[in-house]
Amino acid sequence: MDVIQILWLRQMRRYVRSRSRILGAFGQPILMMIALGYGIGAIYAKAGEGNYLQFLVPGIVAQTLLLSAVFWGIIILQDKRFGFLAELLVAPVRRIVILFGSALGGATISVIQGLLILVLAFAFGFRPYDWALVPAALLVIILMTLAFSFFGAGIASIVEDFQGFQGINNFLVMPMFFLSSALYPLTDIPAVLKFLTVINPVTYMVDALRELLSNQGYFSLEKDLLIIAVTLAVTVVFAVNRFNRIEM
Amino acid sequence: MAQTVISAKDVVKRFEGDITAVDMISFEVKKGEIFAFLGPNGAGKSTTIKMLTTMLRPTSGELRLAGHDVTKERDNARKAFGIVFQDPSLDEELSAYENMELHATLYGVTKSKRRERIRELMELVELWGRKDSMIKTFSGGMRRRLEIARGLVHEPRILFLDEPTLGLDTQTRNLMWAYVKKLSKEKGMTIFFTTHYLDEAEDVAERIAIIDHGKIAARGTTKELCKQTGTKTLEAAYLKLTGESLRDEASASNDGLNFRTALRNTKLR
């Protein structure tokens with residue numbers, strides 16, 4: 001327990017000290033809210049769909065969680081490249097403990113970032129549909145962030161350098177965001193796009209969040225939660241498996 | 001008769017593609033001894049130290065640290081040693097103290113003892129005054145000193161150093177070895193290091209094993225090695241045992257320095 005705590009603390013210390021990263025992480029979501037929320041929002045309203053910002057914010061929060069958690073997952077890659085992983089791996093501690101400590105730290109940071117975006121969205125005019133459901137939304141945020149963190153940790157265990165990670169980011173992480181229901185509703189979209197969206201677990205995470213925050217879910221909440229739980233389990237197994245295979 | 005702290009018996013390490021990096025190596029190191037593994041690049045030094053420190057599994061043979069089998073009682077073996085890796089291994093974005101604290105926690109040093117022990121070791125390597133500085137502000141020599149101190153936080157019986165002076169200037173090298181000798185003398189710590197610098201092996205180690213092509217070519221004190229080979233200096237003995245040819249074999253550690261450069265450095269001293 002001590003070890004998980006100190007590894008978690010390590011991540012938090014690094015986070016608090018990296019002011020540029022904290023602020024940098026806000027740039028994109030703010031731009032999205034302005035450009036999409038206000039820009040496309042006008043057309044959205046004209047089409048009779050209502051308030052786009054209410055629709056969009058859960059998607060933006062999900063984006064923040066995804067990018068942040070995957071980013072902090074690369075601490076494992078950094079440790080591999082800069083040698084610190086050797087120090088961790090020869091310690092008389094089970095590898096799974098090292099993985100969990102690092103992943104929980106990254107997840108905590110990402111949840112904080114996601115909540116800050118939610119607060120910011122409030123300033124942009126976003127309002128939760130029912131305050132009583134906000135704690136449930138927070139629970140969904142925690143579960144999905146954990147899944148993203150373990151996913152990032154697993155990826156970081158596989159790739160050998162930052163270029164490789166960049167490739168994964170462009171060809172896997174960004175599509176996971178754009179091909180989810182984060183930006184557009186699933187009604188009336190082309191069949192191919194709909195297929196790609198429906199097989200993407202991020203879609204259900206966004207959908208659960210949207211149901212709880214804006215009352216605009218597409219699938220049933222039960223289905224969303226089931227898929228989130230399965231995704232989390234799969235990412236944990238993936239990360240443990242890959243992390244155990246790292247060779248020094 | 002002093003106690004045996006490190007023992008290797010018929011150790012073999014074969015990598016994929018049938019490359020034998022270590023070929024039936026056996027040796028023993030006694031408590032409090034400073035022991036050097038000397039050899040050209042690609043000789044099997046790093047592979048041996050990686051097997052001793054549980055980073056690699058031997059293909060066959062038996063390795064024991066303080067009586068613990070490194071494959072069967074891995075955690076006990078891990079508690080018995082501290083290591084300074086060939087490559088830097090500190091967290092740059094943490095302070096010196098935080099790096100030490102993290103290590104102490106990983107090795108289960110109780111909270112009440114942590115601060116005192118960290119302080120003692122950081123004073124030994126003259127870094128206590130910089131305890132709250134981030135590692136990224138440290139020079140290469142300071143990092144190495146801190147790594148030595150860190151390797152000792154959990155009071156291991158053995159300290160492994162894998163090519164510890166690579167890339168350090170002469171002043172830092174001398175200072176570093178002075179600390180190591182002091183530790184061995186004052187704490188009865190067993191020191192095992194690898195090097196391809198002849199002068200380091202000669203000046204620091206009490207006994208040397210010369211390793212080449214995965215086999216131990218000879219072992220003993222400098223005097224004994226000269227006697228065995230009928231030569232007058234360690235360098236002559238070394239060249240007689242390992243040959244004059246340049247090594248092109250891919251080194252497992254790939255430290256970027258070849259044998260000739262190492263030799264030239266030694267002569268320039």
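In this predicted model, helix 8 (residues 222-229) of chain B and helix 9 (residues 234-242) of chain B have axes that come within 9 Å and cross at roughly 50°. The crossing in which helix 8 of chain B passes helix 9 of chain B is left-handed. On the side of helix 8 of chain B, the contact is built from Thr222(B), Leu225(B), Cys226(B) and Thr229(B); helix 9 of chain B answers with Leu234(B), Ala237(B), Lys240(B) and Leu241(B). By class, this contact between helix 8 and helix 9 of chain B comprises five nonpolar, two polar and one charged residue.

Helix 7 of chain A brings Ala136(A), Ala137(A), Val140(A) and Met144(A) to the contact, while Met205(A), Ala208(A), Leu209(A), Leu212(A) and Leu213(A) come from helix 10 of chain A. The contact of helix 7 with helix 10 of chain A has nine nonpolar residues, with no polar and no charged ones.

Chain B also holds a sheet. Four strands of chain B make up this open sheet, in the order 2-1-4-5, and the pairing is antiparallel. Strand 2 (19-30) and strand 5 (68-69) of chain B stand at the edges with a single partner strand each, so one side of each is left without a neighbour in the sheet. Further in, five bridges join strand 1 (residues 4-15) of chain B to strand 4 (residues 60-65) of chain B in the antiparallel sense. Within strand 4 of chain B, Glu62(B) is the bridge partner of Lys9(B).

Turning to the contact between the chains, 21 residues from chain B and 17 residues from chain A take part. On the side of chain B that touches chain A, helix 2 (74-80) and helix 3 (96-106) of chain B each supply at least two residues. Helix 3 of chain B gives the largest share of that side, four residues. Sorted by class, the side of chain B that touches chain A has nine nonpolar, four polar and eight charged residues.

Conventions:
Residues numbered from 1 in each chain as written. Chains lettered and ligands numbered in written order. Predicted model: local features only at pLDDT ≥ 70, side-chain atom pairs only at ≥ 80, totals over all residues. Pairing = 2+ DSSP bridges. Contact = placed C-beta atoms within 7 Å. Nonpolar A, V, L, I, M, F, W, Y, C, P; charged D, E, K, R; others polar. Axes fitted to C-alpha atoms, helices over the stretch in contact; angles between N-to-C directions. Left-handed = near helix turned anticlockwise from the far one by under 90°.
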